[in-house]
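Please look over the sequence and structure shown here before reading the report.

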Amino acid sequence: GLAALETLCADDVHVLLNDAGPADWALDAPRVVVCTSGSTGRPRALTLTTGQLVFSAFGSALRLGHLPDDRWLACLPLHAVGGLSILFRATLGATTVDLRPRFVAADVADALANGGCALVSLVPSMLADTLDALAGRAVSPTVRAVLVGGAPTPPALVERARALGVPLALTWGMTETASQACTWAPGGFDAAGVGAPQAFARVHADENGRLHVRGPVAQGGAVATGDAGEVDADGRVHVHGRVDDLLNSGGAKIAPAEIEAALGAHPAVAEVAVVKAAHPRWGERPVAFVRLSAPASSAALRDHCRGRLPRHKCPEVIEIVTELPRVSTGKVDRRALASRAAEAVLALAEEPA
């Protein structure tokens with residue numbers, strides 16, 4: 001399969017493609033089967049059509065630009081749509097892919113510093129590691145876009161990239177839309193959200209706040225996503241988090257992303273993930289897992305959170321961890337954290353008053 005390309009040299013790939021011969025790809029014909037990431041539930045196998053992949057690639061080129069000598073550094077897994085879509089963009093645009101067998105922060109940082117790529121796709125945790133590896137080096141002017149998606153990008157990380165002159169292009173998409181649905185133009189730091197929908201995609205929020213995507217990039221022409229959000233008056237999309245991740249605590253709706261942003265603003269916090277856990281009194285409560293870049297106590301982090309959010313949104317349980325569990329695409333494994341969160345909340349509820 002496509003994953004085997006990681007072990008093939010350039011000559012092998014050339015022969016493989018040439019031996020296939022010409023073929024007509026009908027836009028409505030099934031082209032690939034891709035599994036969802038499984039970061040919040042069991043992975044699902046989805047069939048993407050030629051049309052979805054083609055219109056997604058064209059929409060990406062219109063938003064990020066296209067030059068004949070583009071070189072896209074690909075270090076995302078090819079079994080997921082974020083990595084696989086790079087190959088289709090390059091094939092349709094007749095450009096080059098710098099295919100890496102795995103993500104190595106130092107190698108990506110070197111490519112950004114020496115101009116070894118024009119574009120690269122990362123998830124937020126990869127971006128953070130790459131900025132560390134840059135170690136103050138400037139990003140080459142030949143780098144046009146650092147596409148970051150797959151999970152919410154913490155505001156503090158966005159500001160850090162901005163300060164270093166990284167041409168960040170935040171994006172939001174999913175397997176059902178053949179990757180990108182909305183993307184900021186590179187360096188689009190002037191407003192919040194994930195930008196406006198790309199060409200060939202239209203986004204709206206229903207009466208319950210669930211985001212929908214329609215158009216030729218969407219599976220079956222229209223997709224009800226698993227994300228909650230809104231579209232502002234200027235047409236920019238704001239994603240508030242997964243619908244299934246929203247908490248109902250004592251009747252109040254709480255978005256984990258809001259808590260993650262508050263905790264992520266603490267200077268000692270390198271990364272944070274907030275999940276919900278059942279609570280015998282309040283129904284559900286948030287639990288935060290935090291990876292630190294400098295010493296800090298859970299009590300100090302709670303005080304920090306209470307200075308930025310209403311008390312009912314602040315987690316009583318903040319667990320400091322050395323690493324956050326991840327699925328193969330690099331996203332945080334929230335299913336693994338949810339089981340740990342349930343145990344922590346239950347233990348807290350059983351403590352004497």
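The report below covers a helix pair, one of its histidines, and the cysteines.

## Basis of the model

This is a predicted model, in which local features need pLDDT of at least 70 and side-chain atom pairs count only at pLDDT 80 or more, while totals for chains, interfaces and linings use all residues. Residues are numbered from 1 along each chain as its sequence is written, and side-chain values use heavy atoms, with hydrogens and water left out.

## Packing of H7 and H8

Helix H7 (residues 256–264) packs against helix H8 (residues 298–306) at an angle of about 115°, and their axes lie 9 Å apart (axes are lines fitted to C-alpha atoms over the stretch in contact, and angles run from 0 to 180 degrees between N-to-C directions). H7 is therefore roughly perpendicular to H8, a term that covers angles of 65 to 115 degrees.

From H7, Ile-259, Ala-262 and Leu-263 make the contact, and from H8, Leu-301, His-304 and Cys-305 (contact means heavy atoms within 4.5 Å). Of these residues, five are nonpolar, one is polar and none is charged.

## His-304

His-304, found in helix H8, counts as buried at 10% relative accessibility (buried means under 20% relative accessible area, with a 1.4 Å probe and protein chains only). Not counting residues up to four places away in sequence, His-304 touches Ala-262, Leu-263, Ala-265 and His-266.

## Cysteines

A search of the whole structure finds zero disulfides, a disulfide being a pair of cysteine sulfur atoms within 2.5 Å. Cys-305 is in no disulfide, and its nearest cysteine sulfur, that of Cys-314, is 3.6 Å away. Cys-305 is buried, with a relative accessible area of 1%, and Cys-182 is also buried, at 0%.

Note on methods
Helices (H or I, at least four residues) and strands (E, at least two) are DSSP runs, numbered from the N terminus. Angles under 35 degrees count as roughly parallel, over 145 as roughly antiparallel, 65 to 115 as roughly perpendicular and the rest as oblique. Ala, Val, Leu, Ile, Met, Phe, Trp, Tyr, Cys and Pro count as nonpolar, Asp, Glu, Lys and Arg as charged, and the others, Gly among them, as polar. Buried means under 20% relative accessible area, exposed over 50%, partly exposed in between (1.4 Å probe, protein chains only).
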